[in-house]
Amino acid sequence: MSMQTPATQSMFQPNQMMRRVMGGAFVGVGVISILISLGMLVYLVLDVAMRGLPWIDWQFLTSFDSRFAERAGILAAIAGTAFMMTMTIAVSLPIGVMAAIYLQEYAKESWLKSFIQINISNLAGVPSIIYGLLGLTIFVRYMMMGRSVLAGALTMALLVLPVIVVATQEALRAVPSSIRDASLALGATRSQTIWHHVLPQAFPGILTGNILAASRAIGETAPLVTIGALTYVPFTPESPLDRFTVLPIQIFNWTSKPQAEFHDLAAAGIVVLLLVLLTMNSIAILLRQRVGGTSRRRIG
Amino acid sequence: MTMTGQSIRDMLGRRMIELRPSVEVRAGSALPENDVVEDPVIRISDLNLWYGKKQALGGVSLSIPRKKVTALIGPSGCGKSTLLRCMNRMNDLIPNVRVQGSVEIEGANIYASTIDPVEVRRVVGMVFQKPNPFPKSIYENVAFGARINGYKGDMDELVEQALRQAALWDEVKDDLKKSGLALSGGQQQRLCIARAIAVNPDVVLMDEPCSALDPIATQRIEDLMRELAERYTIVIVTHNLQQAARVSDRTAFMLAADDLVGRLVEYGATDQLFTNPKDERTEAYITGRFG
């Protein structure tokens with residue numbers, strides 16, 4: 001840009017027409033993309049709901065699986081999912097939160113910490129069937145737990161741990177460092193500071209992360225197929241070493257049967273699973289909004 | 001290392017007696033300390049500090065007098081906040097900080113390997129630039145420090161006393177359960193002062209405590225500092241020269257030279273430093289020629 005030759009009007013050729021067309025096309029592509037993705041989802045949900053809803057009744061929710069579609073129910077799968085998820089969370093939440101606290105609040109910056117950090121993020125992206133193979137080798141075979149709820153829960157715990165660690169770290173990072181400084185300057189130790197100030201403030205965020213991690217695990221099928229969670233279970237698991245089935249496996253089982261009635265049953269199972277997932281995600285969103293709301297009020 | 005607050009004080013006291021002779025010898029040395037402070041609470045000797053490879057403080061020596069207000073002034077980046085944070089080892093929280101030299105409190109070097117920084121911070125409290133009350137009730141804000149330090153006395157009484165000393169009691173006595181965050185900025189800062197003195201420290205460090213406050217709230221804090229100086233030793237970092245002149249008994253002027261290392265240029269009684277500075281850089285700064 002030289003100052004000697006200032007731009008003259010004739011140098012500008014705005015081509016308004018072409019720019020307007022390109023702008024419109026860009027918006028159009030965006031709208032079409034949304035319509036495709038949303039449309040598929042709506043079609044899927046409507047199809048599943050129309051086929052499945054008529055089957056959902058008290059009998060369906062309280063019966064075990066059966067060879068006859070009209071007698072088959074989903075009780076074993078619901079009980080199995082609930083039992084397994086409780087144990088999964090009981091194992092993964094304390095370990096995940098403690099690991100996140102250590103990484104975020106204690107670990108000094110070093111190449112080892114960066115290495116661990118990167119690999120935790122990588123672990124969150126490992127295909128779930130790999131965890132299934134790991135669970136099959138370690139829990140089912142080596143530790144001889146068999147194809148039990150315990151083995152399934154521990155496998156799922158491994159699967160959700162990285163997600164919990166990352167989410168908890170984010171929640172801890174969101175706590176302003178001025179709060180830590182204030183506490184430490186009063187002669188509090190690091191652990192007192194974390195326990196009294198950091199964790200209470202990060203708690204809703206940690207909970208949100210855990211719920212989202214759990215809702216991921218509930219929909220997982222592959223790892224449990226791998227460790228051999230049974231598909232026909234005519235009882236609810238009572239001890240951690242009982243055999244079990246879960247919702248997605250039950251659904252998978254029904255879809256692979258030849259009779260059309262079972263396909264509708266599968267749709268009914270999907271509706272139940274979707275409802276569980278929607279409920280959990282709503283709770284997570286509510287929690288997050290409540291936190292966001294209070295922090296906004298704090299600033300104002 | 002776990003020590004009670006009392007035991008560290010006993011120990012600090014004992015060391016002070018042992019160290020007195022050597023202290024006198026050092027006081028006469030050529031360190032840039034303009035006049036000798038009688039019976040100092042804090043004695044900083046040849047303090048150097050690095051953030052990673054970058055040196056931030058070079059050869060700082062000064063003594064902080066007991067139950068007086070000492071102000072640290074100087075342009076941005078001169079290391080005054082860094083120096084302040086050396087006095088309660090808050091710099092330890094920053095990764096890759098290296099400290100050389102000594103900071104003695106009542107004669108004991110707080111950078112000695114036998115000293116736990118957690119204990120130091122109980123004896124040397126701190127008030128920060130931005131009011132940072134805990135998102136808890138006013139009562140809990142004040143009681144927290146005492147509680148974690150194992151206070152066995154009457155908590156209600158302690159909270160009231162601390163709030164009275166911080167000139168906040170009359171404004172909040174009817175709703176101590178209200179969140180500390182619901183107070184105005186100036187009230188929040190006085191709450192932070194109440195919180196700091198509730199653990200009965202010897203020294204209160206204040207890092208630009210009024211920079212986020214309006215003039216009226218600032219004046220209240222300044223009045224408060226004068227009152228608190230009757231019981232506590234106060235060290236304040238400020239960008240506001242008038243404030244330093246109004247509230248402090250002694251003033252230290254710091255400056256970073258071209259090498260960006262912060263050094264102490266001049267230290268003396270506030271009246272003397274502001275009316276008759278010995279160093280021309282001090283004069284240039286206080287007359288507003290730079291900074």
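What share of the contacts in chain B with a separation of 6 or more is accounted for by residues 24 or more positions apart? In this predicted model, such residues account for 70% of those contacts.

**Chain B**
- Chain B contains 11 helices and 10 strands.
- Of the 291 residues in chain B, 55% are buried.
- The accessible surface of chain B is about 12600 Å², and carbon and sulfur atoms hold 49% of that surface.

**Cysteines**
- Over all chains, a search of the whole structure finds zero disulfides.
- For Cys78(B), the closest cysteine sulfur is in Cys86(B), 13 Å away, so the two are too far apart for a bond.
- Cys78(B) is buried, with 0% relative accessibility.
- Cys210(B) is likewise in no disulfide, and its nearest cysteine sulfur, that of Cys192(B), lies 12 Å away.
- Cys210(B) has a relative accessible area of 7% and is buried.

**Contact between chain A and chain B**
- Chain A gives 17 residues to the contact, and chain B gives 23 residues.
- The two chains bury about 1700 Å² between them, with 69% of this area on carbon and sulfur atoms.
- On the chain A side, Ala185(A), Leu186(A) and His197(A) lose the most area to chain B, together 34% of what that side buries.
- Helix 7 (177-185) and helix 8 (190-219) of chain A are the elements that give two or more residues to the side touching chain B.
- Helix 7 of chain A supplies the largest share of that side, seven residues.
- Across this interface there are zero salt bridges, while three residue pairs are in polar contact.

Terms used
Residues are numbered from 1 along each chain as its sequence is written. Chains are lettered from A and ligands numbered from 1 in the order in which they are written. This is a predicted model: local features need pLDDT of at least 70, side-chain atom pairs count only at pLDDT 80 or more; totals for chains, interfaces and linings use all residues. Side-chain values use heavy atoms; hydrogens and water are left out. A disulfide is a pair of cysteine sulfur atoms within 2.5 Å. Buried means under 20% relative accessible area, exposed over 50%, partly exposed in between (1.4 Å probe, protein chains only). Helices (H or I, at least four residues) and strands (E, at least two) are DSSP runs, numbered from the N terminus. Contact means heavy atoms within 4.5 Å. Accessible areas come from the Shrake-Rupley method with a 1.4 Å probe; for residues, only the protein chains shown count as cover. Buried area is the accessible area (1.4 Å probe) that two parts lose on being put together, summed over both. A salt bridge is a side-chain nitrogen of Lys or Arg within 4 Å of a carboxyl oxygen of Asp or Glu. A polar contact is a pair of N or O atoms within 3.5 Å; within protein, one must be able to donate a hydrogen and the other to accept it, and residues adjacent in sequence count only if both atoms are side-chain atoms.
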